[in-house]
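Please look over the sequence and the structure shown below before reading on.

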Amino acid sequence: MAMIGLKYPVAAPIETYEYGKIPEVTSGTAFIIGKMIAADKEVKFSNNPLYADDEKAEDALIFEEGTLKISVDHMELEAQAKMFGHTYTAASEDAPEKVEKGGKDTAPYMAVGYYKTLFKNNVRSYEATIIYKVKFAPPKESAKTKEKSISWGTYESDGTIETLSGVANDTYETTARFATEEAAKKFINDFFKLAETA
């Protein structure tokens with residue numbers, strides 16, 4: 001199966017994580033991060049064997065850590081403030097739109113979603129992913145003077161994935177596969193309480 005597309009990065013701050021429950025997004029808090037370039041996810045498990053009578057008697061894989069690197073073409077200032085805990089001020093007649101970044105800013109935990117396009121046996125399908133608990137560090141930025149060829153500037157943010165305490169099997173993610181792109185997008189919109197026109 002080939003992966004031939006990636007779209008629609010959505011995020012929402014989660015104000016409260018209740019023990020044993022999948023979090024709910026507060027209506028009106030979700031936003032589009034930008035146009036998606038890449039999503040690099042890695043989940044690590046540690047191997048914890050128990051030896052008895054000179055052989056391996058038990059073995060367990062335990063969730064150790066997860067990382068999610070999101071790369072987008074552009075991030076609005078308001079989106080940056082929401083993701084990284086900065087202070088946002090909308091534009092007015094007398095002042096421009098701005099975001100203030102401080103060393104004591106605390107990024108909130110976020111739920112994050114996106115969908116991939118898959119291709120197998122000449123048929124497309126669409127896989128939606130929702131990760132429930134991620135905390136992002138401010139993006140890496142690289143600026144360069146104008147040259148003969150264009151150097152595209154993009155935004156890359158590294159996030160740390162955590163499991164949901166008390167939820168069966170220590171859930172950290174849900175993935176669902178659909179026959180149509182519309183259905184995959186609706187799955188994400190339903191969780192994040194976004195209108196279909198988002």
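## The lining of the largest cavity

Sorted by class, the residues that line the largest cavity are six nonpolar and one polar, with no charged residue among them. The lining is made up of Ile 33, Ile 70, Val 72, Met 75, Met 83, Tyr 155 and Ser 157, and the model in which these residues are placed is a predicted one. Two strands, S4 (55–72) and S9 (155–161), each contribute at least two residues to this lining.

The volume of the largest cavity is about 40 Å³, and the count of cavities of 30 Å³ or more comes to one. Rolling a probe the size of a water molecule over the atoms shows where empty space is left.

## The largest pocket

The largest pocket, with a volume of about 170 Å³, has a lining of four nonpolar, two polar and four charged residues. Its lining consists of Ile 14, Glu 15, Thr 16, Tyr 17, Glu 18, Lys 21, Ile 22, Pro 23, Glu 24 and Thr 26.

## The chain as a whole

The chain contains two helices and ten strands, and, when read along the sequence, these elements follow the pattern β-β-β-β-α-β-β-β-β-β-β-α. The C-alpha trace spans about 75 × 50 × 40 Å along its principal axes, while the accessible surface comes to about 12400 Å², with 49% of it belonging to carbon and sulfur atoms.

Of the 198 residues in the chain, 32% count as buried.

## Strand S8 and its partners

Strand S8, residues 123–136, is largely enclosed by the rest of the structure, because eleven of its 14 residues are buried. Strand S7 (residues 110–120) runs antiparallel to S8 and is joined to it by ten bridges, and in this pairing Phe 119 stands opposite Arg 124 of S8. The hairpin formed by S7 and S8 has two residues between the strands, and Asn 121 in this hairpin takes a positive phi near 50°.

S8 also pairs with strand S10 (residues 173–178), to which it runs antiparallel with six bridges, and Glu 127 has Arg 177 in S10 as its bridge partner. A further antiparallel pairing, with three bridges, joins S8 to S9, where Lys 135 stands opposite Thr 160 of S9.

## Helix H1 and what covers it

Which residues of helix H1 (residues 77–84) are buried? They are Ala 79, Gln 80, Ala 81, Met 83 and Phe 84, and one of these, Met 83, is also found in the lining of the largest cavity. An α-helix has 3.6 residues a turn, so residues three or four places apart point the same way.

The cover over the buried residues of H1 includes strand S2 (31–32), strand S5 (87–89) and strand S6 (98–100), together with S7, S8 and S9. After H1 comes Gly 85, which has a positive phi near 75°.

Note on methods
Residues are numbered from 1 along each chain as its sequence is written. This is a predicted model: local features need pLDDT of at least 70, side-chain atom pairs count only at pLDDT 80 or more; totals for chains, interfaces and linings use all residues. Side-chain values use heavy atoms; hydrogens and water are left out. On a 1 Å grid over the protein atoms alone, a cavity is a set of points where a 1.4 Å probe fits but cannot get out, and a pocket is an open set with protein on both sides within 12 Å along at least five of seven lines; lining residues have an atom within 4 Å of a point. Grid points are joined across faces, edges and corners, and a volume is the space filled by probe spheres set on the points. Helices (H or I, at least four residues) and strands (E, at least two) are DSSP runs, numbered from the N terminus. Ala, Val, Leu, Ile, Met, Phe, Trp, Tyr, Cys and Pro count as nonpolar, Asp, Glu, Lys and Arg as charged, and the others, Gly among them, as polar. Buried means under 20% relative accessible area, exposed over 50%, partly exposed in between (1.4 Å probe, protein chains only). Accessible areas come from the Shrake-Rupley method with a 1.4 Å probe; for residues, only the protein chains shown count as cover. Two strands pair if DSSP finds at least two bridges between them. Contact means heavy atoms within 4.5 Å.
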